[in-house]
Amino acid sequence: MKKKNVMALALLGFALMACQQTKQEAVAETSRKPAFEVQDCDLTLGGIHFTKMINDADKQVSEMDGIVRFTAPEGTDLFIDPDGGKLTASTAKVLFTEIDNTKPFTFSARIKPGFTKAGLYNQGNLMVLANDTLWQKFCFEQDERSKHRVVTVRTVGTSDDNNHEVITQDFIYYKISSDTHTIASYYSLDGKEWQMVRLYKNNYPKNLLVGFSSLAPQKGECVSEFSELRLSTETVGDFRMGE
């Protein structure tokens with residue numbers, strides 16, 4: 001009987017400790033300062049009204065003849081390092097428009113990043129963002145060997161980093177599409193034939209931001225060109241084919 005009582009008390013003690021730890025973690029998360037603040041803006045580019053931004057992104061863009069030039073200053077990036085923080089950065093300048101994520105959507109653009117010889121990880125990208133720890137970047141990026149790659153970075157607490165195909169031309173077509181249940185990312189070399197590179201459950205909240213950015217994580221600025229920006233309340237008909 002005494003052994004049973006001791007065991008019961010031990011189990012109760014472990015339960016109380018676990019409960020206390022959970023409460024402490026919840027308090028810490030509630031009091032955590034966001035990595036960046038979402039700001040208001042009022043800018044129409046490519047026929048899309050952009051109303052949100054981070055890090056004063058509206059000062060970095062201009063449009064002429066249907067081409068949006070997005071200048072990223074040196075040292076701009078967005079990443080949450082899964083290995084303790086050395087690569088963590090929240091300096092990216094991004095423009096967003098708000099959408100109702102309970103409805104289908106497709107967001108697309110032709111992207112020509114400002115690739116340079118010294119511009120490691122220079123990129124142009126499309127993004128979806130719920131908050132500072134729940135988002136995805138879809139990047140056309142310069143890698144460590146100066147090759148230009150399709151890259152997806154999905155962040156749920158911390159960021160992953162998925163490098164896909166090497167592209168030999170200096171521009172690409174991207175789109176992100178959702179049917180409210182799943183969300184997928186596609187690239188195309190000609191804007192007609194699409195290749196899926198990532199698909200996952202759409203676990204984003206109702207109020208979602210979609211947008212675009214130019215980043216220059218290492219040396220020099222990155223001036224990327226975006227054209228054929230489109231946002232619709234339709235989804236692709238075939239998630240595997242992207243059409």
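Student: Where is lysine 93 found?
Tutor: The model is predicted, with local features taken at pLDDT of at least 70, side-chain atom pairs at 80 or more, and totals for chains, interfaces and linings using all residues. Residues are numbered from 1 along each chain as its sequence is written, and side-chain values use heavy atoms, without hydrogens or water. Strands (E, at least two residues) and helices (H or I, at least four) are DSSP runs numbered from the N terminus. Lysine 93 sits in the loop between strand E6 (89-90) and strand E7 (94-100).

Student: Which side chain of opposite charge is nearest to lysine 93?
Tutor: Lysine 93 is buried; that word means under 20% relative accessible area, with exposed over 50% and partly exposed in between (1.4 Å probe, protein chains only). Lysine 93 has no salt bridge, a term for a Lys or Arg side-chain nitrogen within 4 Å of an Asp or Glu carboxyl oxygen. At 5.6 Å, the nearest side chain of opposite charge is aspartate 56.

Student: Which backbone oxygen does the side chain of lysine 93 reach?
Tutor: The distance is 2.9 Å. The oxygen belongs to asparagine 55.

Student: What is phi of asparagine 55 near?
Tutor: Asparagine 55 is partly exposed, at 23% relative accessible area. Its phi is positive, in a residue other than glycine. The value is near 60 degrees.

Student: What is phi of aspartate 65, about?
Tutor: Aspartate 65 is in the loop between E3 and E4. This residue counts as exposed at 73% relative accessibility. Phi is positive although aspartate 65 is not a glycine, at about 55 degrees.

Student: How many salt bridges does the structure hold?
Tutor: One of them joins the side chains of aspartate 40 and lysine 52. Another joins arginine 149 and aspartate 143. The total is eight.

Student: How far apart are N and O in the salt bridge of aspartate 40 and lysine 52?
Tutor: Aspartate 40 is exposed, with a relative accessible area of 58%. The two side chains meet at an N to O distance of 2.4 Å.

Student: Why does the pair of aspartate 40 and lysine 52 tie parts together?
Tutor: The two residues are twelve apart in sequence. Lysine 52 lies in strand E2 (residues 48-54), so the pair links that strand to the one holding aspartate 40, strand E1 (residues 38-45).

Student: Which residue does arginine 69 form a salt bridge with?
Tutor: The closest N and O atoms are 3.5 Å apart. Arginine 69 is in strand E4 (residues 67-72) and its partner in strand E18, so the pair ties parts that are 156 residues apart in sequence. Arginine 69 is partly exposed at 39%. Its partner, partly exposed at 25%, is glutamate 225.

Student: Is aspartate 143 buried or exposed?
Tutor: Aspartate 143 meets arginine 149 in a salt bridge of 2.8 Å, N to O. At 5% relative accessibility, aspartate 143 counts as buried.

Student: Which side chain does serine 178 make a polar contact with?
Tutor: Serine 178 lies in strand E14 (residues 172-178) and is buried at 0% relative accessible area. A polar contact is a pair of N or O atoms within 3.5 Å, within protein one able to donate a hydrogen and the other to accept it, with sequence neighbours counted only if both are side-chain atoms. At 2.9 Å, the partner is asparagine 202.

Methods
Lys and Arg count as positive and Asp and Glu as negative; His and the chain ends are not counted.
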